[in-house]
Amino acid sequence: MWAARFDEGYVLGDITPASAATLKGVPMLLESADVRVRQRLLPETCDDPEDEQQWRQHAVPELERLFASRAHLVRTDLAGLRPMPKSQNQLLLIPFAHGNAWLAALNAARLALFVLNELTAESMEPDAFATVTPKQQEALLRIHLLAEVQSVLLGDLELESAGPFADFVIE
Amino acid sequence: MGARAATKEKPATRTTPKTSLARPWNVLVHDDPVTLMQYVTKVLIQVFGYAQDKAHRLMMEVHKTGRSVVWTGPREQAETYVQKLQAHHLLATIEVVDG
C-alpha cells in the first residue's frame with residue numbers, strides 16, 4: 001500500500017483485498033456491541049457510583065451518537081473504494097475534512113481488535129509476534145496496518161504530493 | 001461541497017449531569033498499549049489547545065508513569081473535557097482533587 005496527498009485529501013493506493021477487508025471492518029468495530037469493546041470505548045469514568053450512573057445516563061448516549069456518526073462517515077468513504085487498473089488492488093480517497101473522524105475511528109478499531117483478541121501490552125512488542133496464537137497474529141497485523149493509515153493521516157510519513165492524482169475527484 | 005458538509009462529523013452537545021462544586025477536579029489520561037503516542041499528542045492539542053511542547057510532555061508522562069493529570073478545574077468543564085477525550089478513545093477519567 002502506498003499513500004499520497006492531493007488537493008482535497010489523502011489517497012491510499014495498492015490496497016490489497018486483505019487490507020481492504022481490514023479497512024471495511026473499521027466501522028463495524030466502532031459500533032460493536034461486544035461488551036469488551038464497549039467497556040474500552042465507553043470506560044468507567046467516575047469513582048463514585050452515583051456519578052458514574054449520571055455519566056452513563058447523560059454522557060454515554062452522546063458518545064454513542066458520535067461514534068455512529070463517525071462510522072457512517074467512514075463507511076461512506078469506504079463505499080468509494082475503486083479498483084486499480086490491471087490489479088485486484090484498490091484505491092481509497094480520504095478527504096481532509098474527514099481526517100479527524102478517520103483517525104478516531106481507526107483508533108477505536110485498533111482498540112477493539114486488541115480487546116477482542118485478548119492481546120496484552122507484551123504481545124504488542126515486535127519480538128512477541130512469534131509467541132502469540134495465529135488468530136492473535138492476524139489481529140496484530142490488522143492493528144499495525146490501521147496504525148500505518150493513522151500515521152499517514154497524522155502526517156508522520158513523508159508523502160508525495162499530488163500531481164498524478166489530480167484526476168481523482170472526490171464526489 | 002454541500003454533499004461533503006452533510007457527511008461531516010457531528011460535534012457532540014453536552015447535557016451537564018450535575019451542577020459544579022467548589023472543589024476542583026482533575027482530568028486524567030491513562031496509558032494504553034495501543035493508542036499511538038503521536039495521536040495522544042494531537043488529541044491533547046485539539047481538545048485543550050495546548051502547545052505542542054506541553055502536549056508532548058503530558059503524553060510522555062502518560063507513557064512513562066501510566067497516567068497524567070492533563071487538566072484541573074471546575075467539575076462541569078472537567079466532564080466536558082473527559083467526554084471530548086473519550087470521543088477520541090483516550091482512556092480518560094475524572095477525580096476530585098484531594099484536600
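Does Glu118(A) count as buried, exposed or partly exposed, and how many C-beta neighbours does Glu118(A) have inside 10 Å? Hold that thought. First, a caution: this is a predicted model.

Back to the residue. Glu118(A) counts as partly exposed, because 13 C-beta neighbours lie inside 10 Å. Glu118(A) sits in the loop between α4 and α5 of chain A. The backbone there has a positive phi of about 50°, although Glu118(A) is not a glycine.

Now Lys86(A). Lys86(A) is not a glycine either, and has a positive phi of about 55°. Look for Lys86(A) in the loop between β3 (82-83) and β4 (90-95) of chain A.

Next, the chains. Chain A has five helices and five strands. Along the sequence they come as β-β-α-α-α-β-β-α-α-β. The C-alpha trace of chain A spans about 55 × 40 × 25 Å along its principal axes. Of the 171 residues in chain A, 34% are buried. Take the contacts in chain A between residues at least 6 apart in sequence: 72% of them join residues at least 24 apart.

Chain B has four helices and three strands. From the N terminus, the order is α-β-α-α-β-α-β. Chain B has 99 residues, and 36% of them are buried. For chain B, 73% of the contacts between residues at least 6 apart in sequence join residues at least 24 apart.

How confident is the predictor? What are the ipTM and pTM of the complex? The ipTM is 0.88 and the pTM is 0.86. Chain B averages a pLDDT of 85, with 78% of the residues scoring at least 70. Over residues 1-8 of chain B, pLDDT stays under 50. The model has five contacts beyond four places in sequence for that stretch. Where pLDDT is low, predicted coordinates should not be read in detail.

On to the contact between the chains. Chain A puts in 34 residues and chain B 29 residues. On the chain A side, α3 (49-78), α4 (99-116) and α5 (134-154) each supply at least two residues. The largest share of that side comes from α3(A), with 11 residues. By class, the chain A side has 21 nonpolar, eight polar and five charged residues.

Stay with α3(A). Which helix of chain B does α3(A) pack with at an angle of about 30°? The partner is α4 of chain B, residues 75-87, and the axes are 10 Å apart. The crossing of α3(A) and α4(B) is right-handed. From α3(A) come Ala59(A), Glu62(A), Leu63(A) and Leu66(A). They meet Glu79(B), Gln83(B), Gln86(B) and Ala87(B) in α4(B). This contact of α3(A) with α4(B) has four nonpolar, two polar and two charged residues.

Last stop, the core. In soluble globular proteins, nonpolar side chains tend to be buried together. Here, the largest nonpolar core has 66 residues. Which residues have the most contacts inside this core? They are Ala105(A), Ala108(A) and Ala109(A). The element that gives the most to this core is α4(A), with 12 residues. Zoom in on Ala109(A). Beyond its neighbours within four places in sequence, Ala109(A) is in contact with Gly25(A), Val26(A), Leu29(A), Leu30(A) and Leu146(A).

Key: Residues are numbered from 1 along each chain as its sequence is written. Chains are lettered from A and ligands numbered from 1 in the order in which they are written. This is a predicted model: local features need pLDDT of at least 70, side-chain atom pairs count only at pLDDT 80 or more; totals for chains, interfaces and linings use all residues. A residue is buried if 20 or more other C-beta atoms lie within 10 Å of its own, exposed if 12 or fewer, and partly exposed in between; C-beta atoms are placed from the backbone. Two residues are in contact if their C-beta atoms, placed from the backbone, lie within 7 Å. Ala, Val, Leu, Ile, Met, Phe, Trp, Tyr, Cys and Pro count as nonpolar, Asp, Glu, Lys and Arg as charged, and the others, Gly among them, as polar. A nonpolar core is a set of buried Ala, Val, Leu, Ile, Met, Phe, Trp, Tyr and Cys residues joined through C-beta atoms within 7 Å. pLDDT is the predictor's confidence in each residue, from 0 to 100. Axes are lines fitted to C-alpha atoms, for helices over the stretch in contact, and angles run from 0 to 180 degrees between N-to-C directions. A crossing is left-handed if the near helix is turned anticlockwise from the far one by less than a right angle, and right-handed if clockwise.
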